[in-house]
Amino acid sequence: MSAQLIYDLAPLGSIIRYSDGAPRPPERHRRKLSAWENSNSGGRLIRKQAERRVGNTVSGASITLHAGDYGSAGVVVLRVHRTFSVDSSLTFVVTERPKVGSVQVLDRPGDDGELVYLASHRADAQEWLTRHGYPNAVLREISADEVAAAVVEGRTAA
């Protein structure tokens, strides 16, 4: 799939893998392996941002993946996000979609909201919110109708 198809079809909370198609180098070639991993990895889809215009400047649509958190003793020191233009030449694959009944916790209302937590059910989402102060948070449940529409429209994960 292209990044544009991920933007159009994949729901927030999906696990996405991306690749440039190059074969993985051997472990002993650490620099080559590091460069390869930069273009061949994955993460959870947390944001879809539409095209924006500021004056004469146009910023194209993009998707953002949460690649991981780094820290110790339960304290996150660094949160890694990767943002890709919908024009990216990489190949993307949806490996997992959010389950029916799971609840997306978005940091703000509207189409520009960012997924901050994917809860297994509404009570879990509300409990998480009590510990993580997002005053404008929006809870959105993944419905069976949404999943059925994805199948009918040919949007199943491949």
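# Salt bridges, cores and a surface patch

Q: What does glutamate 51 form a salt bridge with?
A: Glutamate 51 pairs with arginine 53, and the closest N and O atoms are 3.7 Å apart. A salt bridge here is a side-chain nitrogen of Lys or Arg within 4 Å of a carboxyl oxygen of Asp or Glu.

Q: What kind of model is this?
A: This is a predicted model: local features need pLDDT of at least 70, side-chain atom pairs count only at pLDDT 80 or more, and totals for chains, interfaces and linings use all residues. Residues are numbered from 1 along each chain as its sequence is written, and side-chain values use heavy atoms, with hydrogens and water left out.

Q: Back to that pair. Is arginine 53 buried or exposed?
A: Arginine 53 is exposed, at 63% relative accessible area. Glutamate 51 is partly exposed, at 46%. The cut-offs: buried is under 20% relative accessible area, exposed is over 50%, and partly exposed is in between (1.4 Å probe, protein chains only).

Q: How many salt bridges does the structure hold?
A: Eight.

Q: Which residue does aspartate 69 form a salt bridge with?
A: Arginine 79, with the closest N and O atoms 2.8 Å apart. Aspartate 69 sits in strand 5 (residues 62–72) and arginine 79 in strand 6 (residues 75–85), so the pair ties together parts ten residues apart in sequence. Helices (H or I, at least four residues) and strands (E, at least two) are DSSP runs, numbered from the N terminus. Aspartate 69 is partly exposed at 35%. Arginine 79 is partly exposed too, at 49%.

Q: And what is the partner of arginine 47?
A: Aspartate 112, again by a salt bridge, with the closest N and O atoms 2.8 Å apart. That pair links distant parts of the chain, 65 residues apart. Arginine 47 is in strand 2 (residues 41–49), while aspartate 112 is in the loop between strand 8 (103–106) and strand 9 (115–119).

Q: Is arginine 47 buried or exposed?
A: Buried, with 15% relative accessible area. Aspartate 112 is partly exposed, at 32%.

Q: Which residues are linked with Arg47 in a network?
A: Asp107, Arg108, Asp112 and Glu114 are linked with Arg47 through salt bridges.

Q: New topic. How many residues has the largest nonpolar core?
A: It has 19. Ile6, Ile16, Leu45, Ile63, Phe84 and Phe92 have the most contacts inside it. Helix 1 (3–9), strand 1 (15–19), strand 2, strand 5 and strand 7 (91–96) each supply at least two residues. Helix 1 gives the most, three residues. A nonpolar core is a set of buried Ala, Val, Leu, Ile, Met, Phe, Trp, Tyr and Cys residues joined through side-chain atoms within 4.5 Å.

Q: What does isoleucine 16 touch?
A: Leaving out residues up to four places away in sequence, its contacts include Ile6, Leu45, Leu65 and Phe92. Contact means heavy atoms within 4.5 Å.

Q: Which residues does the second core include?
A: Val103, Ala125, Trp128 and Leu129 are among its six residues, and this core is separate.

Q: Which residues form the nonpolar patch on the surface?
A: Tyr70, Val75, Val77 and Leu78, with about 440 Å² of accessible area together. Strand 6 gives the largest share, three residues. Leucine 78 is in strand 6 and is partly exposed at 47%. Patch residues have over 30% relative accessible area and no salt bridge; like charges are joined within 9 Å, nonpolar side chains (Val, Leu, Ile, Met, Phe, Trp, Tyr) within 5 Å. Accessible areas come from the Shrake-Rupley method with a 1.4 Å probe; for residues, only the protein chains shown count as cover.

Q: Last one: what is the phi of alanine 73?
A: Positive, about 55 degrees, although alanine 73 is not a glycine. Alanine 73 is in the loop between strand 5 and strand 6, and is exposed at 80%.
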